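Here are my notes on the model you sent. Please read them with the structure open.

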4 protein chains.
Amino acid sequence: MDHLPSPRDHFRDKCGVAAVHGHPEAANLVYLALYALQHRGQESAGIVSGDGQSLHRHVGMGLVADVVTPKELARLTGSHAIGHVRYGTAGESSLENAQPLQMVHRRGRLSIAHNGNLVNAEELRAELEAEGAIFRSTTDTEAILHLVARSRAPDVVDALVDALRQVEGAYCLVLADESRVIAARDPHGIRPLSLGRLPGGEPVVASESCAFDLVGARFERDVEPGEVLVFAPGTPGERRLEHSLFPFPPAVKVPCIFEHVYFSRPDSLVFGRAVAEVRRALGRELAHEHPVEADLVVPVPDSGVPAAIGFANASGIPFDVGLTRNHYVGRTFIEPAQSIRHFGVKVKLNPARALIEGRRVVLVDDSLVRGTTMAKIVHMVRESGAREVHVRISCPPTVSPCYYGVDTPSRNELIAARETIEQIRLHIGADTLGYLSLDGMLRAAQGAPGEFCTACYTGQYPVALHASQRRYAGTARLPFDDKS
Amino acid sequence: MDHLPSPRDHFRDKCGVAAVHGHPEAANLVYLALYALQHRGQESAGIVSGDGQSLHRHVGMGLVADVVTPKELARLTGSHAIGHVRYGTAGESSLENAQPLQMVHRRGRLSIAHNGNLVNAEELRAELEAEGAIFRSTTDTEAILHLVARSRAPDVVDALVDALRQVEGAYCLVLADESRVIAARDPHGIRPLSLGRLPGGEPVVASESCAFDLVGARFERDVEPGEVLVFAPGTPGERRLEHSLFPFPPAVKVPCIFEHVYFSRPDSLVFGRAVAEVRRALGRELAHEHPVEADLVVPVPDSGVPAAIGFANASGIPFDVGLTRNHYVGRTFIEPAQSIRHFGVKVKLNPARALIEGRRVVLVDDSLVRGTTMAKIVHMVRESGAREVHVRISCPPTVSPCYYGVDTPSRNELIAARETIEQIRLHIGADTLGYLSLDGMLRAAQGAPGEFCTACYTGQYPVALHASQRRYAGTARLPFDDKS
Amino acid sequence: MDHLPSPRDHFRDKCGVAAVHGHPEAANLVYLALYALQHRGQESAGIVSGDGQSLHRHVGMGLVADVVTPKELARLTGSHAIGHVRYGTAGESSLENAQPLQMVHRRGRLSIAHNGNLVNAEELRAELEAEGAIFRSTTDTEAILHLVARSRAPDVVDALVDALRQVEGAYCLVLADESRVIAARDPHGIRPLSLGRLPGGEPVVASESCAFDLVGARFERDVEPGEVLVFAPGTPGERRLEHSLFPFPPAVKVPCIFEHVYFSRPDSLVFGRAVAEVRRALGRELAHEHPVEADLVVPVPDSGVPAAIGFANASGIPFDVGLTRNHYVGRTFIEPAQSIRHFGVKVKLNPARALIEGRRVVLVDDSLVRGTTMAKIVHMVRESGAREVHVRISCPPTVSPCYYGVDTPSRNELIAARETIEQIRLHIGADTLGYLSLDGMLRAAQGAPGEFCTACYTGQYPVALHASQRRYAGTARLPFDDKS
Amino acid sequence: MDHLPSPRDHFRDKCGVAAVHGHPEAANLVYLALYALQHRGQESAGIVSGDGQSLHRHVGMGLVADVVTPKELARLTGSHAIGHVRYGTAGESSLENAQPLQMVHRRGRLSIAHNGNLVNAEELRAELEAEGAIFRSTTDTEAILHLVARSRAPDVVDALVDALRQVEGAYCLVLADESRVIAARDPHGIRPLSLGRLPGGEPVVASESCAFDLVGARFERDVEPGEVLVFAPGTPGERRLEHSLFPFPPAVKVPCIFEHVYFSRPDSLVFGRAVAEVRRALGRELAHEHPVEADLVVPVPDSGVPAAIGFANASGIPFDVGLTRNHYVGRTFIEPAQSIRHFGVKVKLNPARALIEGRRVVLVDDSLVRGTTMAKIVHMVRESGAREVHVRISCPPTVSPCYYGVDTPSRNELIAARETIEQIRLHIGADTLGYLSLDGMLRAAQGAPGEFCTACYTGQYPVALHASQRRYAGTARLPFDDKS
């Protein structure tokens, strides 16, 4: 059932992409890569493979292992493939928006998978529609396909460059035609994209390097900001052809610091740094900035764990897993009519009273969005006997929405955009509350101011926004169900 | 899983359409109308409803009652709706081709459902692609959407007329934008389309009048060849607006005689005649042209029944149901490795030996395509003890493919295009074989030569074919699984 | 979800059974036989196969082709198998009651499938429970398993005979242990059971002979009333062993006449007569007993067709298919809130106005239970323009429930048990109404009074009922959804 | 599809049970309790509720949140309920074995859910079958139902006591008849069972106290070894009746130490101790017994985490999460034909190279069964750059199968039963390997020798085994898929 939403709705995107070229099991390797990138999107998944003659496509709603069954995988024949996982958001999600998108145009077939968000998507769409273009999805990605189809350039690669010169914003793309794979990263390098090699030298492109680990590929390097990489089959008996283009004017590089703080997997290398190390450094900085007398450092599982370890190491306060996570979460539960206290949080987390009782606890988490979940956790930890509860957040207060591909709530819904730190502390019921400073965060990430996009903490957007973004800021949604 | 087939494949279409405007349960009424039209297509089904603000769409593979669940139906809100059922063909069927198709263009949303086949679809597609158009389906219908989107006309109705002036072939269309329903029938009137009224006067449009019976509407008239009907909401407090346009140059009217012979439901009024009556008349003519001494007239169920009754009445030979149909057919059966004689036919039909044994049997059917099924039936009837088996077909030999919306096999696969009647008789093992003559058929349908399209029997195509049709004639497929 | 109903509920059963012994594809042949017997039960289906070492079982709710997928069929290995289809009744149906039932007892495994109904089932159950027996289903069949398990006889066949000596009522059984198939029919021979042979001589047992036609077996003979047939593997190199026992005291033979009137398939041989012939004879007798001046004989599809043909032949009034049946019925439809006249019947049947208008119509059906459906049909036929509507029923008025395996409604719900024929005529709105007489029915079936069970027409029960039957008569249900 | 296995197969069981009495949402509370106990069994789940008149049952294969949908839950009406989750084992699992089992016997209905394993189940079964009993499942639990049904005692509670006097082994039971809940724990107290109270005082019984936390109940006490608790509704206007019986002769108490080591959830209180505390103490003891010079303590997630924290705290070596767990595991993955190194482990775990590279790593896990998984992990950690890899196991070598309800592999499959510690070290490729001693384990659990069942570490079985156990030891299976 797709209630096609208004074409003027806000475009959203928080995704992972992967591609393989020149391997007889390309679709299976992309499938595994998407599985490793599953944390980047659980709403829909899709793979397109190419066999030199045609493209084979399968997309569906849900996790990659549910969408891509062995039977479907067997049909995704050919030696190159691209894939996509998309963030789970309610209501406006639909099969029509599931990627890779695909078109037939005069040059043949083309498929595209996109991680990021274009800031001039609505303007482009309005222009294209005025010229008679037909849209089927509400993704910004579809505009790129139209621009490619309309380009006068004879070859798809040139047409893609034509198209990308007209878009602004954040994008990491993988595309496939009948025989080639193309990867492209926007000139600002906001979202991550890396290049790896399979044991036989075949290229793998993925949003994060953890995908390489699973498929047995080694990390080679990041796809550079502004780079377009083309992988094509060689003439028979020869090796594959690889081209690297830099067709765009130079731009300031502003990788997204939130990939380090929360989004990427800890075992990935992102923007040249190991995420695991950056997160521990964030925790250590946090311990230095907001020391506290306490007995126990407890992470909010699972994303708070690395920073909590860093905090514990720097502070000397013992680390422990004081909140037990239920591994079967993710399904719907029916709360009894005779309501249970903290039901929504308890279904996911249970405090280990034996560890907490009588102790002064430092709760470490990596972000605070609306504050409601943290308020319940603090309360629950107190009921389990904690003498004091101190909350530490491993990044600065989140005050501004993201327009570059993270699905954040509107400014009004961000507690830190409305309340002072003391008000937030009262709201969540903590004895003390400390956020990491912007400087502390940049120190941990080893970046100078301006070397990262920190717009969500500062409201300073390195790529100029268009009117449409500002207008729809109020309707956007939180990416993290666990963090309301 | 959709293996997008080559864009140069043959376009096929054999479908039913329905629409309702101005009724609070529009989608439910369209759903019931599609259920009554289910015999026109079992591959996919879909409904789009409109509520004045937006369109709601649901399409899926399978029968309408499986695709449109009560839950989905509840979401198809609004007071107008259109729907579509599509013929079941293997391999190239896909969700992307399921109709109604839908687009967002600069005028808003537009949905379209199509019964028929355009003869210049490939030429249009090539031109549109050259101008940068993107295709997602392999239906000819999508070209109409592009032509609408590119028209300079400000209103959708004018843009649709612009578009239809560029297409050639057979079409009955229903379209919906946010507030209106549009119905259109090609100037030749090849496929049927009728207008009915609900008890409150609200219009219903459907491929056949049997859909009106189920929803409690009465038949008003056929939509005329070349007519465009527009249903729009009136100003508040006023009644709905209805316009009838005839924007195309006049053309010869050639309704498809095969709708009477086989395709339409016997309880429908089609092209001004009751199908039930025409079929009995076909059987009577057949009895006059090919009399035989026999004890029993047995129809090949179910489509052979009306002609068999006509044959029995005219010949005075008793009619009886000598072949019992299994009502649970339609699923897959696994034939044992130790193969069973006539398994494929037996799963569907079983001869009643008590009726057949020792009798001279006339088997009446409405068409003979490849002849293989009939050969099995004749053999099976003989094994049940028939003394003689005479086969009578209630139309002339089928010698040419249809390019106007019936999914026929290529000429090479049509037994009557390759073999003489005597060769066919030997092939199917009948004692005698008689086909109704062209004149006999036209007499039964009360039409003079030229008043019907009889191309499948004569090879004379009233609407000029394009090169592409001739080229792809060899790859088309049979519509009737029961008739190979 | 199984709400295990009260163990004192009425036991119901209207089913089909099949078995094959000594064939490498035994389960597949039983599957096809069940498919041919599908009209005898659509609630649940199941197959048990045996491979000499163990039994493999698969049962499920629904049609056999839905329940037994190719994957499941592949697991049902071994050279003998039994199967069961069960009538669809609402509410108390459950997977626990799906047959074949299976037990592990001290002699090994035993599976059983049952068509019929025991009249002393509740008494047996009470006795068994008093001795510590545990029940899981609410079928009467389970009591037979307990009696077998408790018998002192060393062999299963003897134990089964012991058990059957304690039960009263109607039963046709097929059973399987690890290596044998046993078939048994009650001494009164109330329900049908036949023996056929595959081309290699392997035995097939089935409720009706139409199952033999599909699997390529020939009809050999009926299993005799009171006969127990045992099929066992021979010693290596020898042929199979077959035994026929008649271990019960002689009893009056009273086959169920309703099998001929309605239940069996027309292409079956039942109790030595072809069902198709008996039904036509019923129609002929009906024409003689209740002649009428009319223009058209129209059957209520599909079960009224054979009697209508007989009526037409005997009366000289032309037969025609004036009611078009929708072949996609069987699913749920949502009636619009703005209700449609005769919706429930229209979804299944549509009158062909062209045939009916201005005509005097004889509607022929094979039974009238509550009368509500017929009232709607008569009304609908009149609205289609019939000048007169005469209803003819090819059996006597149904006045008493069946306790031998047909799931009839209670006496109160049977219209003929409460009203006179004239009252019924008024109720259904017919111009005239005629039921076949008991004598006419017996003449058609070529039986003298007492040679058939006619309890549902006479209230004279040939096998004495127990108190429990009389008590629960009020709660039983109609077998025929189409006939309310 | 259920291939009913040989009745002589080994009985297996590793489960969780829960019950609620006297609460209007009993089934929902049991459902939540089962969700909290999901780690004790993922093969099947089921709930039976009682409403004073009847019992309502729903069981299915899979996780409780998949099996018990909101729709099913709504049907499980009544104010008391029992539930069960069962361990996931391949092949012989079947719906017939899903609990709660249910029977109808002469006293009415009775449902039972069982955690544990009877050692004389086969002997009981043989005796019962000899007396004519019928079995449907291959669980040992069904024998208890038969013993209850055959008891001469008029009331179910007395009959249950009669039955339990005849069984030997480990059991925690919850049972329900139409109005009561009964809980029973074997005299040795091998498996855990606790009693909690809802805010209104209504009793909750569950295998572990973590179930109480989720439903908002408080822990009251353990159900005592040998105790039978009966909860019945009081007379109208009065409060519920609760009885505690100790009907069995006294026996030595030997709670299962493996519940503390691995099986129970860390946030549960089991046998009077907090599991979280015991596990950290196990890690501390391990650090004292097997010290090592190293840079990092890395747990094998998730079960190795608590002991690793204890080890880190006692040793002063920093703890870190060096292995990233994929949260989407649990589905099937297709390994490419061009095989990927360590694929099976990599799909679940990925080493964080940034943390591990150049470090001396202590890997801490809670058990080692076959050793194959640990060998892959050690290898993978070395490939990520670890300079040294030291393996520490927080219990003694597992040398004997469990016959009291843990589904262990046969002795032959236990690596520690066949190889010396040095051989195991070589096998897994570790630099050093240390197991906690029996004394160390008992110290951590604060128990003297003989106060726990330690049979899996010592081969000394506190409850005498029967011949059948010894016979089938060779065919049993590993409970822990992650630990092969």
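What rotation and what shift along its axis superpose chain B on chain C?

1. This is a predicted model. A rotation of 180° places chain B on chain C, with 0.0 Å of shift along the axis and an RMSD of 0.1 Å. The two copies are therefore related as by a two-fold rotation axis.

2. Now the contact surfaces. Of the interface residues of chain B, 100% are also interface residues in chain C, so the copies meet through the same surface.

3. Chain D holds an open sheet of 7 strands, paired antiparallel. The strand order is β3-β2-β4-β1-β10-β9-β11. β3 (55-61) and β11 (218-222) of chain D stand at the edges. Each has a single partner strand, so one side of each lacks a neighbour in the sheet. Neighbouring strands are turned by 15° against each other on average, direction ignored.

4. Within that sheet, look at β1 (residues 15-21) and β4 (residues 80-86) of chain D. They run antiparallel and are joined by 7 bridges. H21(D) stands opposite H80(D) in β4(D). Helix α1 (residues 26-36) of chain D packs on the sheet and touches β1, β2 (44-50) and β4 of chain D. The direction of α1 makes about 25° with that of β4(D).

5. Is helix α5 (residues 141-150) of chain A buried or exposed? In this helix, 10 of the 10 residues are buried, so the rest of the structure largely encloses it. The buried residues include E142(A), H146(A) and R150(A). Their cover includes β5 (101-105), β6 (108-118), α4 (121-130), α6 (156-164) and β7 (169-176) of chain A. α5 (141-150) of chain B is also part of what covers α5(A).

Methods: Residues are numbered from 1 along each chain as its sequence is written. Chains are lettered from A and ligands numbered from 1 in the order in which they are written. This is a predicted model: local features need pLDDT of at least 70, side-chain atom pairs count only at pLDDT 80 or more; totals for chains, interfaces and linings use all residues. Side-chain values use heavy atoms; hydrogens and water are left out. Copies are superposed by least squares on the C-alpha atoms of residues with pLDDT of at least 70 in both. Contact means heavy atoms within 4.5 Å. Two strands pair if DSSP finds at least two bridges between them. Helices (H or I, at least four residues) and strands (E, at least two) are DSSP runs, numbered from the N terminus. Axes are lines fitted to C-alpha atoms, for helices over the stretch in contact, and angles run from 0 to 180 degrees between N-to-C directions. Buried means under 20% relative accessible area, exposed over 50%, partly exposed in between (1.4 Å probe, protein chains only).
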